[in-house]
Amino acid sequence: MTFKKPKGVKPQEWKEEAPVIILCERDGGTADQRASHKDQGVSRSLKITATWRVGNHTTVTMFLLWGFSSFPELQHLLFIVILFSHVTIILANVSIMVAIKLSHNLHTPMYFLLFALSFSETCTTMVILPRMLVDLLSESKAISLPECATQMFFFFGLAANNCFIMAAMSYDRYTAIHSPLQYHIIMTQKVCIQLVMATCVVGFLCSLGITFTIFNLSFCDSNNIQHFFCDISPLVHLACDYTVHHAMIIFMLSAFVLVGSFVLIMISYVFIVSLVVKMPSAQGRYKAFSTCSSHLTVVSMHYGFACFVYLIPKNSDSFREDMLMAVTYTVLTPLLNPIVYSLRNKEMQTALRKVLHSVNKILPCLASKKALDI
């Protein structure tokens, strides 16, 4: 096994020593028992975490996700609730994607962007929830530094992608109301694909900047992440060389994603409102606002929770509040989004009923075919 020199360590502080193994109690105790890797045997009741000793610190290479460990009596209940939510999120978003794909009357720019949002949100939950479910039933809850960095990169990349897709959806609504006759000329399939690709590239570039900044730090002594996934605030509070410079980079990138996309959405809706109030027909005003109501509901939920967690300065005492908020935007928001879009959209309701009807026809045929084969 080879170990590399930790980043951010001055040459004079680096000592060519053997790796140290920190023995931590499984119940989340502090890493206060150390032994050399040459020591014989390790009790099974202890968790092993490889670290390097650097100066007066030990640089952590393995983390422990202790998010729900303070609620041991609720572990199994949380597992059932989150598993049900995860399955529901996947089924709901996949149903929307299938309905859009199979219904030709939904092959419009608005539903193309909704398809992209549903796909992105499904991927976002896949990055977080399966790991959360495993940790709820696991005693170790360990995650290596590369795994933690990978989880953070994909989670924030997909979350930023969601923000910019919602901004693209608001522009689509403005175009539909402002230029209804030229709508399909302006919002062509090529333009929609370019918008989705741009949101993906910008989102993952911002995520790369945040992930690189955080994991270029040295994590010293403590390796307990007070969260159920590798989030920004719990990680930077474990770093021993975190400075105002790092904080500004992270804040600027987070603000660019959240505030930047939100400003674009608000600009679109300011123009939409200015157009709608000038419409002579009350029915026309109602129809215009009804097409935007679902999007506005989702935007309000998404940005409300995300801005509270990532734009307001935090201390270690607020980690529990952040964790509860994180449950909301990683579980509740993706769960509500398909419901909001389907309940407030008659076209989507009709398409979903057709899909369910087709499934009900196919399942008996498959069952009878299987019976005949047997």
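Start by selecting helix H5 (189–215): the 27 residues of H5 reach 39 Å from the first C-alpha to the last, close to the 39 Å expected at 1.5 Å a residue. Keep in mind as you click around that this is a predicted model.

**Along H5**

Now colour the buried residues of H5, among them Cys 192, Thr 199, Gly 203, Phe 204 and Cys 206. Further along, the buried set also includes Ser 207, Ile 210, Thr 211, Thr 213, Ile 214 and Phe 215. What do the buried residues of H5 pack against? Show strand S5 (62–65), H2, H3, helix H6 (232–236) and H7, and you have the answer.

Stay on Cys 206 for a moment. Is Cys 206 buried or exposed? With a relative accessible area of 7%, Cys 206 is buried.

**Over to the disulfide**

Next, pick Cys 148 and Cys 230, which are joined by a disulfide with an S to S distance of 1.9 Å. The structure holds 1 disulfide. Cys 148 sits in helix H3, while Cys 230 is in the loop between strand S7 (224–225) and H6, so the pair ties together parts that are 82 residues apart in sequence. Turn the view to look at the S-S bond: its torsion is about -130°, so this disulfide is left-handed. Cys 148 counts as buried at 0% relative accessibility, and Cys 230 counts as buried at 0% too.

**Into the cavities**

Time to look for empty space. Rolling a probe the size of a water molecule over the atoms shows where such space is left. Here, the structure holds 3 cavities of 30 Å³ or more.

The largest cavity has a volume of about 300 Å³. To find its centre, select Phe 156, Ala 159, Ala 160, Leu 258 and Tyr 310, the closest to that point of the 23 lining residues. Which helix gives the largest share of the lining? That is H3, with 6 residues. Colour the lining by type and you get 14 nonpolar residues, 8 polar and 1 charged.

Finish at the second largest cavity, with about 60 Å³ of space. Its lining includes Leu 65, Phe 68, Met 132, Asp 135, Lys 141 and His 227. H2 gives the largest share here, 3 residues, and the lining divides into 5 nonpolar, 4 polar and 2 charged.

Technical notes:
Residues numbered from 1 in each chain as written. Predicted model: local features only at pLDDT ≥ 70, side-chain atom pairs only at ≥ 80, totals over all residues. Heavy atoms only, no water. 1 Å grid on protein atoms, 1.4 Å probe; cavity = no way out; pocket = protein on both sides within 12 Å on 5 of 7 lines; lining within 4 Å. Points joined across faces, edges and corners; volume = space filled by probe spheres on them. Helix = DSSP H or I, 4+ residues; strand = E, 2+ residues; numbered from the N terminus. Nonpolar A, V, L, I, M, F, W, Y, C, P; charged D, E, K, R; others polar. Expected span 1.5 Å × (residues − 1). Buried < 20%, exposed > 50% of the residue type's maximum accessible area, 1.4 Å probe, protein only. Contact = heavy atoms within 4.5 Å. Disulfide = S-S within 2.5 Å.
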